[in-house]
Amino acid sequence: MASLSKRIGTTMAALRMIDVGKLRLDNAMGDFFDDCHGKEKTSVHQLMTHTSGIKAHFPLWLRGIDPSDAADEILREPFGYTPESDAVYTCMGYILLGRILETVEGSPLDRIVQKYVFDPLGMKNSFYNPPRDRICAATEKSAVTGEIICGRVHDENADFLNGVSGNAGIFCDLGDCIKFAEMI
């Protein structure tokens, strides 16, 4: 589902957590991260509406960091623009939102999305990191090995984050897409 993972997974899980009182749109980064590097007041609302000032994209996989340090690396990066001055579609903000959901719920994002989105909607063929026995459409041809990649997220940052990320990584079939669309 590529970047639709933001809507199907991260956004819907965040909205459900807001609905049950575990999260608020006015929660700020400072509520979740010890050192926000000047982004303490950046809100969940700003992340969800792409108005946070956080840069759209940069290659975490080339930064020489551990995946567990991704949120800190994103927070260290200078603002790309003045918050609330523009709406800039950002994968990096959604990676942070996914980490916030994990902090609030105390479990990994894939389990959170399973609990709040897939299970309630009966989406039985939706996964991050689909099981190897599932048939998946090819996502791309590897520039390094030349192999056709199937069942592994092609977004490099999401792949670096072990296939479970707030910005990308969900695989699902048409039937589950229909269930999601009917809910919307």
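Predicted model: local features only at pLDDT ≥ 70, side-chain atom pairs only at ≥ 80, totals over all residues.

User: Which residues line the second largest pocket, and which are closest to its centre?

Analyst: There are 13 lining residues, and Glu 140, Ile 149, Arg 152, Glu 156 and Asp 159 sit closest to the centre. Two elements, β2 and α6 (156-160), each give two or more residues to that lining. The top contributor is α6, with 3 residues.

User: What makes a lining residue here count as charged?

Analyst: Asp, Glu, Lys and Arg are the ones classed as charged. On that basis the lining of the second largest pocket has 5 charged residues, along with 6 nonpolar and 2 polar ones.

User: And what is the volume of the largest pocket?

Analyst: About 310 Å³. Its lining has 19 residues, with Met 1, Cys 136, Ala 137, Phe 171 and Cys 172 lying nearest the centre. Both β2 (138-141) and β4 give two or more residues to the lining of this largest pocket, and β4 has the largest share, at 3 residues. By class, you get 12 nonpolar, 4 polar and 3 charged residues.

User: Why is Tyr 81 called buried?

Analyst: The cut-off for buried is under 20% relative accessible area. Tyr 81 comes in at 14%, so the buried label applies.

User: Where does Tyr 81 lie, and what does it touch?

Analyst: Tyr 81 is in the loop between α3 (70-76) and α4. Leaving out residues up to four places away in sequence, Tyr 81 touches His 50, Thr 51, Ser 52, Gly 53, Ile 54, Asp 86 and Val 88.

User: How do you know that the length of helix α5 agrees with its number of residues?

Analyst: α5 has 13 residues (109-121), and at 1.5 Å a residue they should span 18 Å. The end C-alpha atoms are 17 Å apart, so the two values agree. Still, α5 has a kink of about 40 degrees, centred on Lys 115.

User: Which residues of α5 are buried, and what covers them?

Analyst: The buried ones are Leu 109, Ile 112, Val 113, Tyr 116, Val 117 and Phe 118. Residues three or four places apart in an α-helix point the same way, because there are 3.6 residues a turn. The cover over the buried residues of α5 includes α1 (5-19), α4 (91-105), β1 (126-128), β4 (170-172) and α7 (174-183).

User: What follows α5?

Analyst: Gly 122, with a positive phi near 70 degrees.

Note on methods: Residues numbered from 1 in each chain as written. Heavy atoms only, no water. Helix = DSSP H or I, 4+ residues; strand = E, 2+ residues; numbered from the N terminus. Expected span 1.5 Å × (residues − 1). Bend = angle between axes of the 7 residues up to and from the residue. Buried < 20%, exposed > 50% of the residue type's maximum accessible area, 1.4 Å probe, protein only. Contact = heavy atoms within 4.5 Å. 1 Å grid on protein atoms, 1.4 Å probe; cavity = no way out; pocket = protein on both sides within 12 Å on 5 of 7 lines; lining within 4 Å. Points joined across faces, edges and corners; volume = space filled by probe spheres on them.
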